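The following exercises ask the student to read a protein model step by step. Each task is followed by a worked solution.

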Amino acid sequence: MPHHPATYGPDIASQRAHAISAFLDTVRRLLPDPQQAQPAQLAAVAQALEQLGLRQDLFVPAHFPVSAADPAHIYRLAEDPDGRYALYISAALPGKGQPPHDHTTWAIIAGVQGNERNLVYGRQPTDDPARDRLEPLRSIDVVPGTSVTLTPDEVHTILLLDGAPGLHLHLYGLALDRLVDRVVFAGTDGGTYSTFAPPALIRHARIAPQALQAALEDGNDIAVLDVRDKAECTVAHIPYTVSAPLERLAQWIERLVPNRGTRTVLVDADETRAHLAALTLVRLGWLNVSVLTGGTDGWLAAGFALVGGGQQVEAATH
């Protein structure tokens, strides 16, 4: 499809997308072949990721929420169609961590907020093919302005310290859902290991109903796409939305949102389809994408109305 130059608005989501796009241009220049990454190239990319992480004004926690019920999440920021140059932000509450695991690709983690302690291990075989030994290599506290780089074979644990929530940028040579050979160990000494599956749901930046209502009124460009079936959208939808069914989105997006810098909000009933739609757009190069928290159900619960079918659907009373 033809590529239209992207222009960006003044809102935080748009400026974040602009910064990420510029960062990825830098990464591709520094590391033109992520499958043949050299240490010096990764060191240069790590410095660029640290600088992106220092733009704390762009990575506001409200766009990457966690809660006591959902204390940790991975949010996708960018990813090529072939899974290369996969950029995520990890959001977590204090005390959250991960057991010893590898990546099978290079990985760089840089701080945005909070202190994530990374303990890095080397993996050594034993006489038992079902058990490996882990040898401590180094410990790095990843805070804003710092990073850790991991080779494909290295194993690490992470733990969020200091009683503060964390936001950390993760850049991988290949997307998480394509890393089918990762393993997780029973303990930090090693031992038995098993497949370490990717997160069941990789989310995308979210926008609360109140923030979407304000965005619709702030005078800056915005596209709100309802990715439900057209019939569902016709019955009841958020004002000013455009129907863009998930199964048609890839074919329609160039016409619906020709400027890839336009802030684009994806809506469904309850977020079950909107994150799939966001993945489609991110892989096609639309980086300024958010998902409405709770979908139309959340919109109604926040006290806003839907329109459609010749009538207005009022919010439920509280």
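**Exercise 1: Contacts and cores**

Apart from its neighbours within four places in sequence, F64 is in contact with R16, F59, Y75, L77, I89, A91, L167 and A205, where contact means heavy atoms within 4.5 Å. The model is predicted, so local features need pLDDT of at least 70 and side-chain atom pairs count only at pLDDT 80 or more, while totals for chains, interfaces and linings use all residues. Residues are numbered from 1 along each chain as its sequence is written, and side-chain values use heavy atoms, with hydrogens and water left out.

Task: State how many residues the largest nonpolar core has and which have the most contacts inside it.

Solution.
1. A nonpolar core is a set of buried Ala, Val, Leu, Ile, Met, Phe, Trp, Tyr and Cys residues joined through side-chain atoms within 4.5 Å; buried means under 20% relative accessible area, exposed over 50%, and partly exposed in between (1.4 Å probe, protein chains only).
2. The largest such core has 33 residues, and F23, L49, F59, F64, L87 and I89 have the most contacts inside it.
3. Two or more residues of this core come from each of α1 (12–30), α2 (39–53), β1, β2, β4 (107–113) and β9. Helices (H or I, at least four residues) and strands (E, at least two) are DSSP runs, numbered from the N terminus.
4. A second, separate core of 16 residues includes Y88, V120, V142 and L179.

**Exercise 2: Strand β8**

Task: Determine which residues stand opposite I158 in β8, and whether β8 is enclosed or open.

Solution.
1. Two strands pair if DSSP finds at least two bridges between them.
2. β3 and β8 pair in the antiparallel sense over 3 bridges, and here Q98 stands opposite I158.
3. β5 (residues 115–125) also pairs with β8 in the antiparallel sense, over 7 bridges; N118 has I158 as its bridge partner.
4. Because 6 of its 7 residues are buried, β8 is largely enclosed by the rest of the structure.

**Exercise 3: Residue P258**

Task: Locate P258 and classify its accessibility.

Solution.
1. P258 lies in the loop between α5 (249–256) and β16 (263–267).
2. Its relative accessibility is 34%, so P258 counts as partly exposed.
3. From C-alpha to C-alpha, P258 and R248 are 15 Å apart in space, and they are 10 residues apart in sequence.
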